[in-house]
Amino acid sequence: SSVYNSDYRYSDHDPYIVGLKLNAEPEEEEVCDFSYSEAFNQTLGEFQAYDMKGGNDWYIKDNSYAYINGYSTGANDDWLVSPSFDLSNKLSANIAFSHANAYGSSSLWKTHCKLKISSDFKTDVQSATWEDIEIPFGSGNWNFRNVSVKVPAKYLGKENVSLAFHYNVTSTNDAPAWEVKNFVFTSSCEEESSDIEYVISP
């Protein structure tokens, strides 16, 4: 109940204070979905090439793809490493690209040409811990194969995840050529649905 006179209002309720924060900066929204792409049609982009052994290195060929071929230069150990990706708040991530091989024994392409992943790479590929991610290969020389693979669950939640195309041959006897293009990395803070299909343009 309240009592009034002509000038004042009195109340039997306790007063309360409302605080307003003026000039407050808006909170940043969490970025849920992330996508990174590199076509390799002009430069290696943010990827870094590391030539650890041999006379050949990764480079852009015909303005169309990243290319490596260890033929005629003996043993080769060459890495093409992506920028690092922050998966600290991610529940799913996917790697997609197209690649082709030629020369040498096709049964050994998977031995010489590997996709790898690391959560502790900084600047030295040899001191980092790398894990292979199994990928399919084309059916013959220069036949591009589209690849879409999930990032292993153990890397989700990591802040510094790098990927690498690793080319390694011990002699010129079975040195294949390797072409890579249309790399796409995606991640999300939502779990990936099993019916999602990734399509890479040829």
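Keep in mind that the model is predicted.

Let us start with strand S8, which spans residues 92-102 and has 11 of its 11 residues buried. In a regular strand the side chains alternate between the two faces of the sheet. You can follow that pattern along S8: Ser92, Asn94, Ala96, Ser98, Ala100 and Ala102 point to one side, while Ala93, Ile95, Phe97, His99 and Asn101 point to the other. Both sets are buried.

Who are the neighbours of S8? Strand S13 (residues 177-188) runs antiparallel to S8, and 10 bridges join the two. To find this pairing by eye, look for serine 98, whose bridge partner in S13 is lysine 181, or for histidine 99, which stands opposite valine 180. S8 also pairs with strand S11 (residues 145-150), again in the antiparallel sense, over 6 bridges. Here alanine 96 faces serine 148 of S11.

Now move over to S13, where 11 of the 12 residues are buried. Besides its pairing with S8, S13 has an antiparallel pairing of 5 bridges with strand S3 (residues 34-38). In that pairing, serine 37 is found opposite valine 184. Strand S6 (residues 65-69) runs antiparallel to S13 as well, joined by 4 bridges, and asparagine 69 stands opposite alanine 177 there.

In soluble globular proteins, nonpolar side chains tend to be buried together. The largest nonpolar core in this model has 35 residues, and the members that touch the most others are Phe40, Trp58, Ile95, Phe97, Phe165, Phe183 and Phe185. At least two residues of this core come from each of S6, S8, S9 (113-118), S11, S12 (162-169) and S13.

Finally, let us look at charged side chains. Side chains of opposite charge can pair when their charged atoms come close. How many salt bridges does the model hold? The count is 3. In one of them, lysine 114 meets aspartate 132, with the closest N and O atoms 3.3 Å apart. Because lysine 114 belongs to strand S9 and aspartate 132 to strand S10 (residues 131-133), this pair ties together parts that are 18 residues apart in sequence. Lysine 114 is partly exposed, at 26% relative accessible area, and aspartate 132 is partly exposed too, at 38%.

Aspartate 132 also forms a salt bridge with lysine 116, at 3.7 Å from N to O. Lysine 116 lies in S9, so this pair links parts 16 residues apart in sequence. Is lysine 116 buried or exposed? Lysine 116 is buried, with a relative accessible area of 14%.

Another salt bridge joins lysine 154 to glutamate 131, with the closest N and O atoms 3.6 Å apart. Lysine 154 sits in the loop between S11 and S12 and glutamate 131 in S10, so parts 23 residues apart in sequence are tied together. Lysine 154 is exposed at 56% relative accessible area, whereas glutamate 131 is partly exposed at 27%. Through shared partners, salt bridges join Lys114, Lys116 and Asp132 into one network.

Methods:
Residues numbered from 1 in each chain as written. Predicted model: local features only at pLDDT ≥ 70, side-chain atom pairs only at ≥ 80, totals over all residues. Heavy atoms only, no water. Buried < 20%, exposed > 50% of the residue type's maximum accessible area, 1.4 Å probe, protein only. Pairing = 2+ DSSP bridges. Core = buried A, V, L, I, M, F, W, Y, C linked by side-chain atoms within 4.5 Å. Salt bridge = Lys/Arg side-chain N within 4 Å of Asp/Glu carboxyl O.
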